[in-house]
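Subject: Structure for your study

Dear colleague,

Please find below the structure that I am handing over to you.

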Amino acid sequence: MNALLSILIQSHPLEGWFFGSGKALVVLAVALILLVGFGLWMWRAEARLKSLETKLNHKNQSES
Amino acid sequence: MGHNVWKIGGFALIAYVLVMVFAVPMGPGLLELRATGKATATEESGRALPEYLLTGFGTHWSDQSSQLQVVVRSKTNLAKLEVIEVIDDTHARIGVALPYSLPSKSWDVLINHPTDGTLLLENGLFLSDRFIDESLTLPPISIVELQDDLPFHFPYQPRILESIRNLMLHVPMWFTMFVLMGIAFVASIKQLATARALIEDEKSEAAVKVGLLFGFLGLVTGSVWARFTWGAWWVDDPQLNGALVTVLVYSGYMVLRNSIDNAPLRARLSAAYNLFAFIILIILLMVLPRFTESLHPGKGGNPGFNSYDLDSALRAAFYPAVIGWILIGIWMYRINLRFTRLQKLLK
């Protein structure tokens, strides 16, 4: 890993630093947290929509 | 739970793709062979040779440095260069022991190394100070193509380098947009064909809204990639301009919808507009760029990320990325559609 780090830093300093120093893994962790958060938010939004649809249907049925 | 598997699958695929994007290392490649302006005497040739500095990317020349071979190639002619010294894993001093009379000025550079395999730098050596006679042939030498001995890695691409990882974020945005705009196109045809309820109009609107989001993301990821590989955030290129015009055309669809209060009229007009918008999308993004000069891969005669350079490592991340983003896009569309319907019901 150290050898890979030195190679990357010599050839392309920014990318070498990013991937070699472990910062890429930090970005990966943040990206995964955001992805999971987005997925849960969509799940929750769909559940709320379903609940509202059901309530509305009941209301319409009772009115009719 | 069963009917939700595809939703979880979409996110699981993108999580897997993100791990691949950030954790898989790049394979080795050659960056340049540059003249240093010095001449160095070597034991092998016994005379002073023009010295060049060979620079690699992610190479391992310090390991088994004596095994490093450097060869130049022009058509069928091959000539061996002398390795004066391996400085470190990515740098080596090379002596160019070529005769004054040569069959070509421009030469591909090939290296052979047990760890990195055979690497190629196209037109890496240009000799402007030689006598050129295209009928000349150099004495034949034998070279064996080696496979690298490295763990799983993404392939090295000249100029693109580490930004190849963006392939898994940029291209699937457009694939997802195509799918969503396709859904909107079908819904618009149904709307015009049936012209009864506004169900298909709602579908079309929801699909275009989410499709536009993916279109904007495609533009942003493409612009960032262009800055890295072409040196500018935006270049006057048919593919790029076509993508921007397509997104603007679909933005016009949303403007049109919002400008008409009468719902049945809005449904008919926007459905008709959407048919033309989809045809424009096909023409601007898939047809025209193939017949014009373009910097973009896969267009204007440039090789795309196809069998030529999309190797098995990239496929293992790219295909799941396409499927994952499409699944997420469809889920977003469905939520948007249900939300729109609920809003209308509540009104």
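Predicted model: local features only at pLDDT ≥ 70, side-chain atom pairs only at ≥ 80, totals over all residues.

Overall form of chain B

Chain B contains six helices and nine strands. Its radius of gyration is 27 Å, while the globule rule gives 20 Å for 347 residues; the value for chain B is well over that, so the chain is more spread out than a compact globule. Along the principal axes, the C-alpha atoms of chain B occupy a box of roughly 90 × 45 × 30 Å. Of the 347 residues in chain B, 34% are buried.

Two domains are assigned in chain B: domain 1 covers 29–132 and domain 2 covers 161–346. Taken over C-alpha atoms, the centres of domain 1 and domain 2 of chain B are separated by 46 Å.

The sheet of chain B

In which order do the strands of the seven-stranded open sheet lie? The order is β1-β2-β5-β4-β3-β7-β8 of chain B, and the pairing is antiparallel. The edges are held by β1 (29–41) and β8 (117–126) of chain B; each has a single partner strand, so one side of each has no neighbour in the sheet. From one strand to the next, the twist averages 30°.

Some of the pairings can be followed residue by residue. Nine bridges connect β1(B) with β2 (residues 48–57) of chain B in the antiparallel sense, and B:A39 faces B:P50 in β2(B). Strand β3(B) runs antiparallel to β4 (residues 77–88) of chain B, with five bridges between them. Here B:S74 lies opposite B:N77 in β4(B). The hairpin of β3(B) and β4(B) has two residues between the strands, and B:K75 in this hairpin takes a positive phi near 55°.

Strand β4(B) is also joined by five bridges to β5 (residues 91–95) of chain B, again in an antiparallel arrangement. In that pairing B:V86 has B:A92 of β5(B) as its bridge partner. These strands, β4(B) and β5(B), form a hairpin with two residues between them.

Residues with positive phi

Most residues other than glycine have a negative phi. Which values are found for B:Q64 and B:L161? B:Q64, which is not a glycine, has a positive phi of about 50°, and B:L161, also a residue other than glycine, has a positive phi near 50°. B:Q64 is placed in the loop between β2 and β3 (69–74) of chain B. It has 12 C-beta neighbours inside 10 Å, and therefore B:Q64 counts as exposed. B:L161 belongs to the loop between β9 (131–132) and α2 (167–194) of chain B.

B:A272 is located in helix α5 (residues 263–287) of chain B. With 14 C-beta neighbours inside 10 Å, B:A272 counts as partly exposed. In sequence B:A272 and B:M254 are 18 residues apart, and in space they are 13 Å apart, C-alpha to C-alpha.

In chain A, A:N57 is part of helix α3. A:N57 counts as exposed because it has 11 C-beta neighbours inside 10 Å. A:N57 and A:A47 are 10 residues apart in sequence, and the distance between them is 15 Å in space, C-alpha to C-alpha.

Where the two chains meet

How many residues of chain A are in contact with chain B? There are 23 residues of chain A in contact with 23 residues of chain B. On the side of chain A that touches chain B, the elements that give two or more residues are α1 (2–11) and α3 (23–63) of chain A. Helix α3(A) provides the largest share of that side, 15 residues. By type, the residues on this side of chain A are 16 nonpolar, four polar and three charged.

Yours sincerely

Key: Residues numbered from 1 in each chain as written. Chains lettered and ligands numbered in written order. Helix = DSSP H or I, 4+ residues; strand = E, 2+ residues; numbered from the N terminus. Rg over C-alpha atoms; globule rule 2.2 N^0.38 Å. Buried ≥ 20, exposed ≤ 12 C-beta atoms within 10 Å, placed from the backbone. Contact = placed C-beta atoms within 7 Å. Nonpolar A, V, L, I, M, F, W, Y, C, P; charged D, E, K, R; others polar. Pairing = 2+ DSSP bridges. Axes fitted to C-alpha atoms, helices over the stretch in contact; angles between N-to-C directions. Domains from an automatic or database assignment.
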